[in-house]
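Please find below a colleague's note on the model under review.

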Amino acid sequence: MFVFCIESSHARGMGHLFRSLTLATELRSRGHPVLFLANDHPNSLRIIRERGFDVALYGLASVTGWENGFIEPDASSSVWINDRLNTQRSHSEAIKRLGAKLVTFDDRGDGAELADINICALLFEKTEDLKGKDVRLGVEYMILNPEIAAFRRLRQSLASILVTLGGADTYGVTVRVAKWLSSKSFPVTIVTGPSFQHMAELEEVVATAAPDRFKLLNQVPSLAAEMHGHDLAITGGGVTPFEACAAGLPCVVIANEPFEIPVGRALEGLGAAFFAGHHSAFDLGILEKPIPIRTMSETAMAKVDLGGVGRVADLLERLAA
């Protein structure tokens with residue numbers, strides 16, 4: 001049994017949910033039973049059930065004391081996967097007392113020291129301080145949607161921009177990006193996610209722009225398919241820019257959270273993206289200069305592959321054996 005314990009909300013964002021769903025789908029395809037534990041966020045619970053997974057609720061208010069209801073006692077072959085950042089030690093101790101293996105993602109909490117594996121593909125700075133019996137670093141452990149394989153292509157020049165800033169876009173960055181782009185000549189498609197709460201402001205910006213300046217989409221069936229039609233993406237600093245890069249789509253990254261700043265810098269260092277800064281003071285001036293789209297697209301596909309989900313699933317299977 002693989003138990004995914006995730007936190008997802010407008011405030012937290014939905015990246016943990018979508019990453020876990022990709023990994024859970026891979027494990028299920030290999031014949032393993034999967035259970036989700038999630039906080040009470042209706043959009044997230046709906047998405048988990050629509051993907052065909054069982055899900056139970058846990059309370060965010062309690063750090064520990066509730067874990068044994070979701071896993072069999074002395075469950076030595078069970079793996080508990082925390083994808084909610086900064087695991088606290090008392091919670092990790094509870095998981096270990098149950099006999100389960102513990103896996104965490106991008107975890108800098110004091111409970112990470114007890115993790116059997118701490119997968120830190122999204123961490124690029126101060127990695128020497130990371131804890132866990134087995135700490136895995138590097139883009140090769142990035143869990144990306146395998147659907148992207150059907151939509152990879154080399155971009156030649158800039159003709160269309162995609163704006164996609166997460167399932168929640170907690171701070172309404174999409175609205176400010178749309179205002180900046182409203183006076184530019186690029187055709188722009190904006191995709192918002194299931195927990196986006198700034199639609200009225202965004203629609204006002206779109207309504208006052210020139211006709212056909214923006215195409216506004218909410219909850220597209222496949223972001224990978226939508227990416228295929230564009231030559232540059234403006235994204236946050238989570239998993240999405242790596243999925244774009246794997247598809248050959250160069251990015252401009254805006255950090256929604258402070259921990260996303262090193263992500264933007266790392267992608268810029270790879271040569272696959274530009275980093276526009278933290279959302280509180282982003283600078284999209286790079287869009288007013290010639291952008292080497294073909295070179296960036298080639299680099300993106302060369303540096304970011306789609307094998308991460310398989311590599312992590314292999315690690316988890318060996319841990320459970």
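The points below treat the basis of the model, then its helices, its strands and selected side chains.

1. Basis. This is a predicted model, in which local features need pLDDT of at least 70 and side-chain atom pairs count only at pLDDT 80 or more, while totals for chains, interfaces and linings use all residues. Residues are numbered from 1 along each chain as its sequence is written, and side-chain values use heavy atoms, with hydrogens and water left out.

2. Helices α1 and α2. Helices (H or I, at least four residues) and strands (E, at least two) are DSSP runs numbered from the N terminus. The axes of α1 (residues 15–29) and α2 (residues 42–50) cross at roughly 10 degrees and come within 11 Å. Axes are lines fitted to C-alpha atoms, for helices over the stretch in contact, and angles between N-to-C directions run from 0 to 180 degrees. The two helices α1 and α2 are therefore roughly parallel (angles under 35 degrees count as such; over 145 is roughly antiparallel, 65 to 115 roughly perpendicular and the rest oblique).

3. Their contact. Leu17, Phe18 and Leu21 of α1 meet Ser44, Ile47 and Ile48 of α2, contact meaning heavy atoms within 4.5 Å.

4. The six-stranded sheet. An open sheet with parallel pairing has the order β10-β9-β8-β11-β12-β13; strands pair if DSSP finds at least two bridges between them. Its edge strands, each pairing on one side only, are β10 (214–218) and β13 (273–278). On average, neighbouring strands are turned by 15 degrees against each other, direction ignored. Within this sheet, β8 (residues 161–164) and β11 (residues 232–235) pair in the parallel sense over four bridges, and Thr164 has Thr235 in β11 as its bridge partner. Helix α5 (residues 199–208) lies across β9 (188–192) and β10, at about 160 degrees to β10.

5. Strand β6. Three bridges link β5 (residues 101–105) to β6 in the parallel sense, with Val103 opposite Ile117. Three bridges also join β6 to β7 (residues 135–137), again running parallel, and Ile119 has Arg136 in β7 as its bridge partner. From β6 (residues 117–120), Ile117 and Ile119 point one way and Asn118 and Cys120 the other, and all are buried. Buried means under 20% relative accessible area, exposed over 50% and partly exposed in between (1.4 Å probe, protein chains only).

6. Arg19. Arg19 belongs to helix α1 and counts as buried at 8% relative accessibility. Its side chain makes a polar contact with that of Asp106 (2.8 Å). A polar contact is a pair of N or O atoms within 3.5 Å; within protein, one must be able to donate a hydrogen and the other to accept it, and residues adjacent in sequence count only if both atoms are side-chain atoms. Not counting residues up to four places away in sequence, Arg19 touches Asp83, Phe105, Asp106, Leu122 and Ile143.

7. Glu257. Glu257 is found in the loop between β12 (251–255) and α8 (261–270) and is buried, with a relative accessible area of 19%. The side chains of Glu257 and Tyr171 make a polar contact (2.9 Å).
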